[in-house]
Amino acid sequence: GRPLIIDFNLSAPVDQCVRSLGGTIPYMPPESLHSLELQRVDPRLDIFSLGVIFFELLVGKLPFGLPTPNTSSLEQVQQMLRLQNESPDPVRRLGIQLPSAWKYVLRHTLALDQQQRFATAAELQVALLELTRNPPQSWLLGCRRWFVERLTGKN
């Protein structure tokens, strides 16, 4: 019932080429899943992963689902790519009732096309700050109820 952050020590300097990138498959952007070869590090890789976390916190599940456990890493990567391609817009597919500002953030963090994501953390910060300006009261109450349910284990 407590959130944990793992996968530290996977970082590399921006614009450096690395032989391979690591990570947890459901949180990896398609360009990382496609290429296990030389790849240029870009902040949009992490922005996608952050979008997966936002979606999971807001909705209670992963945006693209999970690959089948107990299969090889290569099979899981191939399954994840299929899941991402089958549901390119998880916000629309699930019919999630969220304020438009959150939908905007999710669409610009979870975009499968890297060029459609926020280019930097600073751009994402601007969008997140917009969420703090005059949020609907019903949205705040819903968030509070959701967090209380998860913290207390009462559904």
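## Confidence of the model

Across the protein chain, the average pLDDT (the predictor's confidence in each residue, from 0 to 100) is 80, and 68% of the residues score at least 70. Confidence is highest in α3, at 92, and lowest in strand β1 (residues 17-18), where the mean is 56.

This is a predicted model, in which local features need pLDDT of at least 70 and side-chain atom pairs count only at pLDDT 80 or more, while totals for chains, interfaces and linings use all residues. Residues are numbered from 1 along each chain as its sequence is written, and side-chain values use heavy atoms, with hydrogens and water left out.

## Fold

The protein chain has seven helices and two strands, taken from DSSP runs numbered from the N terminus (helices H or I, at least four residues; strands E, at least two). Along the sequence these follow the pattern β-α-β-α-α-α-α-α-α.

Of the contacts (heavy atoms within 4.5 Å) with a separation of 6 or more, 55% are between residues 24 or more positions apart.

Buried residues (under 20% relative accessible area, 1.4 Å probe, protein chains only) make up 32% of the 155 residues.

Leaving aside residues up to four places away in sequence, V105 touches F54, F118, L124, A127, L128 and L131.

Notes. Buried means under 20% relative accessible area, exposed over 50%, partly exposed in between (1.4 Å probe, protein chains only).
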